[in-house]
Amino acid sequence: MTNSFKSVKVRTFKVLGLVIFSAVDLLNPLNLEPAFAQGNFYQGKTIRIVVGNLPGDTHDIFARAYSRSMGKHIPGNPAILVQNMPGAGGMIAANHVYNVAKPDGLTLGSPSPALYYAQLVGSKEVRFDWTKFNFIGAPERNGHLLFMRSDSPYKTLDDIRNAKEPPRCAATGVGTSGHDVPKLFEEMVGLKFRLITGYPGGAEMDLAIERGEAQCRAITIAAFFAREPFVSWHKTGFVRIMLQTSRQRNPRIPDVPTLFELMEQYKTPEIKRRQVLVYLGVGGFGAWPILATPGIPAERVRILREAFAQTMKDPDFLIEAKKSGWEIRPTSGEDLQALAKEVIDQPPQVIEWLKKLLAK
């Protein structure tokens, strides 16, 4: 009798359109927001992508490309705007997304993936836990390269290795490829560099190279082939690519040796090779990962990840990517989340090595 009454009551509520609320209240004692409400949440809203670089940098260009395509793959079709928040190699942007932005799924971030190094070594500027960001996705996995002005006296790697006056490399600061990759080359295979830090962003470093103020710079392979002035510099021979960090030679630069080849040549000890593998784990995040504030409802994280994945297959985005020379090999937010835990979970020996490497 009781069961029959309940059945009739539920059918009556369905007719009245009330069963949705009643069922959620009965089956959801924690008052969690249901999936259909998450989908409607974005209607009429605006999502911000906080970019830790100046306008015109590759992070900024990529984020603006996402903003033009990603909204249509989110239920409710929210607007997406880019907000530039440069400084400290992306640290300011990362701290903002982690601490200031509301955990509502309306703020995304595009900081440097190498910022987790700063957390590992206990940098006082870090106000985040890398593992607690909600990672949304990345358009590619990446390696780095180091290029040199062709008119510099450093024509070969041995010229750099034996230099009495090391070549001057431009960088913004610790935790960026411009700073850390030359340090890695120095540590592992004895190449010598003088790092000039403090540049606000990529445009200023580009000018430094053009003026002769700096002779070299380390940058991601994807960024080098994605925008000016690098495309023209490479085409005209203004710069020469000296070295790359990928385990295997990138098809775009098949004549450029890899760090792993040099470690074989110079008989780099096994412990150092392991340190390289840990350090270059940053490449697994790609150059332009997209992450979000901690504490966002799980369903909104799922929506954002699915929208990002759809954007990576969106015809309009792919046309733009092709025109820009981008290599799209996306990594899922779930994979990035797992990688974040992996890179942070390091033994004390590796952390001490990183401290010494980054402090030099």
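1. Quick word on terms before anything else: helices here are DSSP runs of H or I with at least four residues, strands are runs of E with at least two, and both are numbered from the N terminus. Bear in mind that this is a predicted model, where local features need pLDDT of at least 70, side-chain atom pairs count only at pLDDT 80 or more, and totals for chains, interfaces and linings use all residues. Residues are numbered from 1 along each chain as its sequence is written, and side-chain values use heavy atoms, with hydrogens and water left out.

2. Overall make-up. The protein has 17 helices and 11 strands. Of its 360 residues, 54% are buried, where buried means under 20% relative accessible area, exposed means over 50%, and partly exposed falls in between (1.4 Å probe, protein chains only).

3. Contacts and surface. Take the contacts (heavy atoms within 4.5 Å) with a separation of 6 or more: 78% of them come from residues 24 or more positions apart. The protein exposes about 16800 Å², and carbon and sulfur atoms supply 56% of that. Accessible areas come from the Shrake-Rupley method with a 1.4 Å probe; for residues, only the protein chains shown count as cover.

4. The disulfide. Searching the whole structure turns up one disulfide, the term meaning a pair of cysteine sulfur atoms within 2.5 Å. The partners are C169 and C216, with their sulfur atoms 1.9 Å apart. The pair ties together distant parts of the chain: C169 sits in strand 6 (residues 168–170) and C216 in strand 8 (residues 216–220), 47 residues apart. The link is left-handed, at -115° about the S-S bond. Both C169 and C216 are buried.

5. The cis peptide. Have a look at the bond joining E228 and P229, which is cis with omega about 5°. You'll find P229 in the loop between helix 10 (221–224) and helix 11 (230–236).

6. Positive phi at N77. This residue is not a glycine, yet its phi is positive at about 50°. N77 belongs to the loop between helix 4 (58–69) and strand 2 (79–84).

7. Positive phi at K267. Here is another residue other than glycine with a positive phi, this one near 55°. K267 is in the loop between helix 12 (259–265) and helix 13 (270–279).
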